[in-house]
Amino acid sequence: MKCKKCNTEVPASTKYCPNCGAQVIEENSTVQFADMNTPWLEDTIRIVGYNVDHEKCNEQEFRATKEGRVTIYISLKMNLKIITFNSYIPLKKLGRSEREAVLEILNMCNGKGTYCTFFANLDNNILNIYSYLPVTDCISKQDVLNVFEKFSDEMAATAVATKLIDYVL
């Protein structure tokens, strides 16, 4: 995310720019869960430079894309009081020994991080990475951006560290 005043790169968890002191996220960025909606969530994700669209999505879900990053599907599940984050990544066609290796790697991935759950549909060669943010009575844009940024970063770092990336198309 960039400061709008001085263009310095700042983490999503930052309220004020460490370079110029400008406010990065407005103070009144908190919303009551009952008033939360998909457009509010979309605007929040746009703060960190992602594009948003509804291609192949239902009305409470959208796709967040950014050059050089994995596509993340974000869904507001009002009945469960959660926001979900999902990425679907195609895997190479795997032989039997490679499938076993991927399953071992997935176990390592799930033991490494705190924000991502990795699982795969090996019949369809799809890797799914999932996380969610439980919502109580209210939530701030900063809360959403913290989890979104950590999910995105952890997903990439874990895939590289465990060599899962070697099996991705």
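**Entry 1: Glu42**

I looked up Glu42 and found this residue in helix α1, which spans residues 38-46. The model is a predicted one, and I read every value below as computed from it.

Is Glu42 buried or exposed? The relative accessible area of Glu42 is 9%, so I noted the residue as buried, the cut-off being under 20%.

Next I asked which residues Glu42 touches, leaving out those up to four places away in sequence. I listed Val52, His54 and Phe62. With His54 there is also a polar contact, side chain to side chain, at 2.5 Å.

Val10 and Glu42 are 32 residues apart along the chain, and I have 20 Å between their C-alpha atoms.

**Entry 2: Asn128**

I moved on to Asn128, which sits in strand β7, residues 126-134. Asn128 has a relative accessible area of 7%, and because buried means under 20%, I put Asn128 down as buried.

What does Asn128 touch, not counting residues up to four places away in sequence? I wrote down Asn86, Ser87 and Tyr88, and also Thr117, Phe118 and Phe119.

**Entry 3: aromatic pairs**

How many aromatic pairs does a search of the whole structure find? I have five on record, and I followed up two of them here.

I took Tyr50 and Phe148 to begin with. Their ring centres are 4.9 Å apart and their planes stand at 80 degrees; I class the pair as edge-to-face because that angle is over 60 degrees. Tyr50 belongs to the loop between α1 and β2 (51-53), while Phe148 belongs to helix α3 (residues 141-161), so this pair ties together parts that are 98 residues apart in sequence. I noted both Tyr50 and Phe148 as buried.

I then turned to Phe85 and Phe151. This aromatic pair is tilted, with 6.0 Å from centre to centre and 35 degrees between the planes.

Phe85 is at 0% relative accessibility and counts as buried. For Phe151 I also have 0%, and Phe151 counts as buried.

Last, I checked how these rings group. Tyr50, Phe85, Phe148 and Phe151 form one aromatic cluster.

How values were computed. Residues numbered from 1 in each chain as written. Predicted model: local features only at pLDDT ≥ 70, side-chain atom pairs only at ≥ 80, totals over all residues. Heavy atoms only, no water. Helix = DSSP H or I, 4+ residues; strand = E, 2+ residues; numbered from the N terminus. Buried < 20%, exposed > 50% of the residue type's maximum accessible area, 1.4 Å probe, protein only. Contact = heavy atoms within 4.5 Å. Polar contact = N/O pair within 3.5 Å; in protein donor to acceptor, adjacent residues only side chain to side chain. Phe/Tyr/Trp six-rings, centres within 6.5 Å; stacked < 30°, edge-to-face > 60°.
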